[in-house]
Amino acid sequence: LSYYNEYKSYLRMSTNNNNAENDEVLIIEDGYLSEQFIKALSGDFDISSVINIRAKNAGVHNLGCIYMCESLVSLDVSYNHIADLTPLFKLPSLEYLNLSSNNVTSLKGLEHLPSLTSLDLSGNNISSFGELKPLETILTLRKLVLRDGDMGNPVCFNSSYRNKILSLNPDLIMLDYRYIKGELSEVFQKLDNIESHLTDDKATIADLPQSRPLVSSDFWEEELFDDIDLQIKLRFVKESLNEVYMEKYKLEDAMAIAKKDSEEEMRQFIIYSRRNLNKDRIPSTNPQSK
């Protein structure tokens, strides 16, 4: 419950922060990311030394002079109107790239990014795996997002989507905010199972996995022991173990109630949980987050 309350507080804080950030964003009148605009955005006189650019929802149509930012490490141009990625070809230090909610149909231009580790392309219009072929050459890429909740790409609806992506880049650790390798991959699988249950219109409380006592009532027969003190200790252990499973019952009941009362909120909670795990396990390469 404390974790769930923390999540609801996080939602309120995120909404407030996003509103505050949007008030500060500069808007490009002609849609061209010019040298002058980059200087105004970053506060640096020499754009070749800029390491972080955030131009979210800034009316960008053309990445323009972005190739001049040779030291750039982090670029967030989400919620714009960008289709052509070729201006990114000359950014050897770029590690973090957020292109979510744009008009991207092809990854042409990204194949020349030797340091890229995190790429967000959710909410674009990539429709074929052929357009994702540059992923084969980005050997440093570890985190890829093509689908984030309702924001996806047409290619994400292909039945072999996950396997195709992994064949293009088998070194990925995370796909669509879900660990696909490492110790947390099983945790994400369990979250997926819960989410699948929540989205099943025919599911009922009876469909939930049923708990079973960890220790049956006759597992230890105290009478087998002459030592009264030992009998008491064994009884205590048995009851304690069963109490653990009683907590599991409570968790299942809470999950069933959450399904009945607020399925959408639970789905958002799962997304939040994934991102929280991501944040703890993979250090962000975005200098702004540091």
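**Notebook: a predicted chain, looked up piece by piece**

Where pLDDT is low, the predicted coordinates should not be read in detail. I left the side chains there alone.

**Confidence elsewhere**

I then looked up the figures for the whole protein chain. Its pLDDT averages 75, and 57% of the residues score at least 70. Which element has the lowest confidence, and which the highest? Helix α1 (residues 2-24) is lowest, at a mean of 44, while strand β3 (residues 96-98) is highest, at 97.

**Elements and overall figures**

I counted six helices and seven strands in the protein chain. Read from the N terminus on, the order is α-α-β-β-β-β-β-α-β-β-α-α-α. The protein chain has 290 residues, and 40% of them count as buried.

Next I traced the strands. Seven strands make up an open sheet, in the order β1-β2-β3-β4-β5-β6-β7, with mixed pairing. Which strands stand at the edges? They are β1 (52-54) and β7 (178-179); each has a single partner strand, so one side of each is left without a neighbour in the sheet. Strands of a sheet pair through backbone hydrogen bonds, either parallel or antiparallel.

I took one pair for a closer look. Strand β5 (residues 143-145) and strand β6 (residues 174-175) run parallel and are joined by two bridges. Leu-144 has Leu-175 in β6 as its bridge partner.

**Salt bridges**

I searched the whole structure for salt bridges and found two. Side chains of opposite charge can pair when their charged atoms come close.

I checked where the two residues sit: they are four residues apart in helix α2 (residues 35-42), so about one helical turn separates Lys-39 from Glu-35. Lys-39 has 26% relative accessibility and therefore counts as partly exposed. Glu-35 is also listed at 26% relative accessibility and counts as partly exposed.

The other entry pairs Lys-133 with Glu-136, where the closest N and O atoms are 3.1 Å apart. I looked up the accessibility of these two as well. Lys-133 is partly exposed at 47% relative accessibility, and Glu-136 is partly exposed at 36%.

**Cysteines**

How many disulfides does the structure hold? I found zero. To see why, I looked at Cys-69: the closest cysteine sulfur to its own is that of Cys-65, 8.4 Å away, which is too far for a bond. The cut-off is 2.5 Å between cysteine sulfur atoms. Cys-69 is buried, at 0% relative accessibility. I also looked up Cys-156, which has a relative accessible area of 5% and is buried.

Conventions
Residues numbered from 1 in each chain as written. Predicted model: local features only at pLDDT ≥ 70, side-chain atom pairs only at ≥ 80, totals over all residues. Heavy atoms only, no water. Pairing = 2+ DSSP bridges. pLDDT = per-residue confidence, 0-100. Salt bridge = Lys/Arg side-chain N within 4 Å of Asp/Glu carboxyl O. Buried < 20%, exposed > 50% of the residue type's maximum accessible area, 1.4 Å probe, protein only.
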